[in-house]
Structures are given as structure tokens and as C-alpha cells.
Amino acid sequence: MSAAACAGGAQMPAGSGAPLADQIFQATSLADRTGTVYDSPVETTPLTTFVVDGAEQAHGVSDLFIIGTVDRVTGGLGYAWPSGPRTAGGPTAEVVLPFNHPDADISTVHLHTTVETALYRDEAHAGRRQAIIGLVLLSPADVDAINGELSGKKIAAPLLANHKTFFRKETGVYGVLLSGELLGYVGDDGTVEFPALHSLPRLPNGLPPITVEDLLNPPEVVAVRRVGDHYQKDS
């Protein structure tokens, strides 16, 4: 999560009761899409390797991809940036606060999820039956409303290891790629929707239909070339 995207101004009134996807959209509305190497959620599982300008890059863009059911939602922490989102040329200067603290610009929520299927390369993520998934929302976050919306819901999400995300101070919490926008909802027919997802750079007209089968059988290799600040898929 970009701190600038969080602290850039809370646009959502307290207790709005907006659907979670809208809250994610609000919290990430300033996020930078420049340099996004993938053009579909299907390419975000750890099983896809990107070859950029002919040179193999690190495996995939996520560490773990899960399909599972949300059991419950709990509050995490609150964060504030009293002096702006970043120090001059330095790291994020956040102040860590209790969940939904009055001074918090954003608060995090944790989706406690039972894992049905997991894709990974690193065995450090093997054998996981439960996962805690973090989302960053404008504060205050209504945990009861989110719990009511998501409890029992089947989800699919590409995740990043704790130390790579905004949740580095929240032990054991995985972040969803694109600061939560790639949280997918799995329908009874096996289709997956990503209701909070902004248009990806190469898909201005939106995503084609995606199924669980598509996500569990991603391409093994995707070749792209860098053009300025963006990537284009090789034909």
C-alpha cells in the first residue's frame, strides 16, 4: 500500500456503509499503476514467470494465491501521517495507532480465511489451512458491516508476504495485490469478479470473464517488453 494513497485525504464519510469494494476503491484511488507487468488477474499467481526484454525475472508477482472462505473479519491497526505521507527522500513516516483511533487516516481490517486451494512456489507458504488477509481502508472502518458482507463468502486473491506489504507491523497478515483491488469474489458458477479493480493499463475496457479454472491454470511464462514506464505483452 502506498502511504500517499492512504493519507491523501479521506473521501468517505464515517459510517457510510458502502460496499467493501467501494471502500477499497476509495482508499486506493491515488495508487500508481505505472509499471504493472501483468494485464490480468490470471497472470498474478506465483506459478507465472515473467520474461522482460528477453531476461527472466523473479518468479511471479505474488507469493501465495488462495481460494477460500472468509470466516470472520476483525479490526487491525490505525495509521496516521501528521507530517504528510513521506519524509523528504525517506521512508513512510507513519504513526501507528489503535484500530479506528480518532486520529487515524486509515485503519486495517483482517479477513480470517479458511484456505481451500493454494498456489505457491516457496515452500514457506505450503500447508496453509488458514490465512489472515489484510485490507487498508479509510478510517473509521465498520468491521461489523464488512463482516456481514464477507462472512461465508468465497474469495480468490493473489497475496504478498507480510514483510513486503503495508502490514509489516501486523504479524502474519498477507496483503492483497494492488492494495486490495485484486480481492476476487467467487460465484456459485465458478466465475470470479474483482469489483474494486481499477482498469489495468492494458485493459481500459475492463476484464474479460475469469473463472476459478483460469486462475488455477495460469500461463507458465509471459513475455513482455518495457516501453517507457509501461510493459507491453509480446505478440
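## Close-up views of a predicted model

View 1. Pro 102 belongs to the loop between S4 and S5, and, with a relative accessibility of 76%, Pro 102 counts as exposed. Although Pro 102 and Ala 80 are 22 residues apart in sequence, their C-alpha atoms are 9.8 Å apart in space.

**View 2. The aromatic pair of Tyr 79 and Phe 166.** The whole structure holds three aromatic pairs. In the pair formed by Tyr 79 and Phe 166, the ring centres are 4.5 Å apart and the planes stand at 65 degrees, and because planes over 60 degrees apart count as edge-to-face, the pair is assigned to that class. Tyr 79 lies in strand S3, whereas Phe 166 lies in the loop between strand S7 (154–160) and strand S8 (173–176), so that the pair links distant parts of the chain, 87 residues apart. Both partners are buried, Tyr 79 with a relative accessible area of 0% and Phe 166 with one of 5%.

View 3. Trp 81 and Phe 166 form a tilted aromatic pair, with 6.3 Å from centre to centre and 45 degrees between the planes. This pair also links distant parts of the chain, since Trp 81 is placed in the loop between S3 and strand S4 (95–98) and Phe 166 in the loop between S7 and S8, 85 residues apart. Trp 81 and Phe 166 are both buried. Through ring pairs, Tyr 79, Trp 81, Phe 166 and Phe 167 are linked into a cluster.

**View 4. Leu 20 in the largest nonpolar core.** The largest nonpolar core has 50 residues, and Leu 20 and Leu 183 are the ones that touch the most other members. Strand S3 (residues 64–80) supplies the largest share of this core, namely six residues. Beyond its neighbours within four places in sequence, Leu 20 is in contact with Leu 135, Leu 137, Ile 146, Glu 149, Leu 150, Leu 183 and Tyr 185. Another core, of nine residues, lies apart from the largest one, and its members include Trp 81, Ile 106, Phe 166 and Val 173. In soluble globular proteins, nonpolar side chains tend to be buried together.

**View 5. Strand S8 between its partners.** In a regular strand the side chains alternate between the two faces of the sheet. In S8, Val 173 and Gly 175 point one way while Tyr 174 and Val 176 point the other way, and all of these residues are buried. Strand S6 (residues 130–138) runs parallel to S8 and is joined to that strand by three bridges, with Tyr 174 of S8 as the bridge partner of Ile 133. S7 runs antiparallel to S8, and two bridges join these strands, with Val 176 of S8 as the bridge partner of Leu 159.

View 6. Ser 139 and Pro 140 are joined by a cis peptide bond whose omega is about 5 degrees, and Pro 140 is found in the loop between S6 and helix H3 (143–150). Ser 179, in the loop between S8 and strand S9 (184–186), has a positive phi of about 60 degrees although this residue is not a glycine. For background, most peptide bonds are trans.

**View 7. The whole chain and its confidence.** The secondary structure of the chain comprises four helices and 13 strands, and buried residues account for 47% of its 235 residues. Among contacts between residues at least 6 apart in sequence, 68% join residues at least 24 apart. The accessible surface comes to about 10800 Å², with 49% of that area belonging to carbon and sulfur atoms. The mean pLDDT of the chain is 85, and 83% of its residues reach 70 or more. Over residues 1–15, however, pLDDT stays under 50, and for this stretch the model has 34 contacts beyond four places in sequence.

Methods. Residues numbered from 1 in each chain as written. Predicted model: local features only at pLDDT ≥ 70, side-chain atom pairs only at ≥ 80, totals over all residues. Heavy atoms only, no water. Buried < 20%, exposed > 50% of the residue type's maximum accessible area, 1.4 Å probe, protein only. Contact = heavy atoms within 4.5 Å. Areas by Shrake-Rupley, 256 points an atom, 1.4 Å probe, with all protein chains shown as cover. Core = buried A, V, L, I, M, F, W, Y, C linked by side-chain atoms within 4.5 Å. Phe/Tyr/Trp six-rings, centres within 6.5 Å; stacked < 30°, edge-to-face > 60°. pLDDT = per-residue confidence, 0-100. Pairing = 2+ DSSP bridges.
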